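Please have a look at it first.

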Amino acid sequence: MAISPPCPPYPPQPGGAAEGGVLRHAHWWQHKWVRYGALITLLALSGLVILALVREQTGTQGFLVGLGLAVLPVPLLIAAFRWLDRVEPGPWRNLLFAFAWGACAAALIAIVANSFATRWIATATADPSSADTLGATVIAPVVEESAKAAAVLLVFLFRRRDFTGIVDGVVIAGLTATGFAFTENILYLGTAFGTDQLTGDSGIASVTAATFFVRIIMSPFAHPLFTVLTGLGFGIAALSTDRQRVRRVLLPLAGLLLAMAMHALWNGSATFGEWGFLAVYLAIMVPAFAVLTWLVVWTRQRELRTVREELPVYTAAGWLSPAEPYALGSMRARRLARDHARRHLGKPAAREVAQYEAYATSLAFLRHRGRRGRSEADFVVRERELLNELWRRKDVARPALDHAARMTAPPIPVFAPPWPVPGMYGYGYGYGQGPGAGPAAGYPVRPYPQTGPQVGPHPQPGAPGGLHPQPGPQVGPHPQPGPQVGPHPQPGYSGYDHYQV
């Protein structure tokens, strides 16, 4: 683990990617722009096909009416999932992909597969009414939830660095389902409008009004609720270690099966009698929605607590100021820091602070996974990348976060004890005080011999701030004269050596 800021960048290796050595000899399909282009083309073609199919079934006027009504809940659902993702915001490209996959690819798969299966059942049984019921309660849940789960699986496999826990699974799954529900609502509302045009119904008694009330007012969260169960399975699997391979496979499958079961129950509620739909809605859907909402909010608060608990070790090494772990562990302090930077330095500075907050959160989660034995093989490389990103933005972000910490810190008791109190902002060695950079407030200090190789400058004891870089890189064992903050797993623990700061 890195012990002192900053680290000079590694020089490009001969024949490496920086010099074109790897990319020059790579096959054309291995280039990133080829994969991106293929994915965008696939989604665009799916969108055009689904647009033509929906317009064919609803008519131009019905399509426009359905589009205008179906778009109403979309901003609210997207805002809700973005709020859940504020602690460690995921890249916009992942979120756009999830929504586009649900609205285009998953919806196209569902329409084609459901129509084919329903027609086949009707032909085989010569009973169209039972075919429709079987298609809605059995075929549709399996096809639709599998199509939506594909987006979560793709992000889980190919954007593993951005998929680190439960909240990531919930957000990706929820946005995929939001896109799917958007397209499906256009179809249902447009078809209902076409029916009203034929029958002459209008107003509250119309089929369009009834469909709007059930799908947009009562249950806009239905599809997100189903698919979030799949996202929970993937999110818990992301918290597993590489050795828990069975768990990483079974948990997503269990979440998918649970999503299918709840979807089938919801679709089949209309067959349970006159009050069946309302009974399922009140007894199952609403409580399940409340429980899942509580779970993701609780997980969000636990993520903030993880930030507050993991970052102080980087304060001891001089990478962060003592106020930053407290400020980064509070959403209110984060907002105040961005507002402070925007007010004094403009919008670009506010964006720098927001990026600083995101990188610091990723660093805290990375260390947390390492302590739990769930780190990846590139732990040291990833940590160094995140620390360098923080160091580049510290001149803008640190004053703003220090200001936010002062504005939100709890008052210090009048009869405060003269020793450091764990968790109390303002106690312990400060940044640039004491030996080296000083330990974080309330964290134990124990000397550990430095046995692993160190690269780059090293803080000197007794120097202001503890930051006297040595000229040029230093490789090899260096005794560590300053305080060390534990715990320190042994070499080989969880995929990396010398877990020290």
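Let me begin with a definition, since helices will come up throughout: helices (H or I, at least four residues) and strands (E, at least two) are DSSP runs, numbered from the N terminus. What you see is a predicted model, in which local features need pLDDT of at least 70 and side-chain atom pairs count only at pLDDT 80 or more, while totals for chains, interfaces and linings use all residues. Residues are numbered from 1 along each chain as its sequence is written, and side-chain values use heavy atoms, with hydrogens and water left out.

In secondary structure, the protein comes to 15 helices and zero strands. The average pLDDT, which is the predictor's confidence in each residue on a scale from 0 to 100, is 78 for the protein, and 76% of the residues score at least 70. Over residues 415-501, however, the pLDDT is below 50, although this stretch has 172 contacts in the model beyond near neighbours in sequence, a contact meaning heavy atoms within 4.5 Å. Residues 6-24 also stay under 50 in pLDDT, and for them the model has 21 contacts beyond four places in sequence. Where pLDDT is low, the predicted coordinates should not be read in detail.

Of the 501 residues, 48% count as buried, where buried means under 20% relative accessible area, exposed over 50%, and partly exposed in between (1.4 Å probe, protein chains only). Among contacts between residues at least 6 apart in sequence, 74% join residues at least 24 apart.

Now to helix H3, residues 74-84: which of its residues are buried? They are Val-74, Leu-77, Phe-81, Arg-82 and Leu-84. These residues lie on the same side of H3, because they cover an arc of only 155° around the axis, the arc being that of the directions from the helix axis to the C-beta atoms. On the other side of H3, Pro-75 and Leu-76 are exposed. The cover over the buried residues of H3 includes helix H2 (32-70), helix H4 (92-125), helix H6 (166-199), helix H8 (222-238) and helix H10 (276-310).

Let me turn to charged side chains. A salt bridge here is a side-chain nitrogen of Lys or Arg within 4 Å of a carboxyl oxygen of Asp or Glu, and by this rule the count comes to 14. In one of them, Lys-148 meets Glu-145 at 2.8 Å, N to O. Lys-148 and Glu-145 are separated by about one helical turn, because they are three residues apart in helix H5 (residues 128-158), and both of them are buried.

In helix H15, residues 379-408, Glu-389 and Arg-392 are three residues apart, about one turn of the helix, and they form a salt bridge whose closest N and O atoms are 2.9 Å apart. Arg-392 counts as exposed because its relative accessible area is 59%. Glu-389 also meets Arg-393 in a salt bridge, at 2.6 Å, N to O; these two residues of H15 are four residues apart, about one turn of the helix, and both are buried. Salt bridges that share partners join Glu-352, Glu-389, Arg-392 and Arg-393 into one network.
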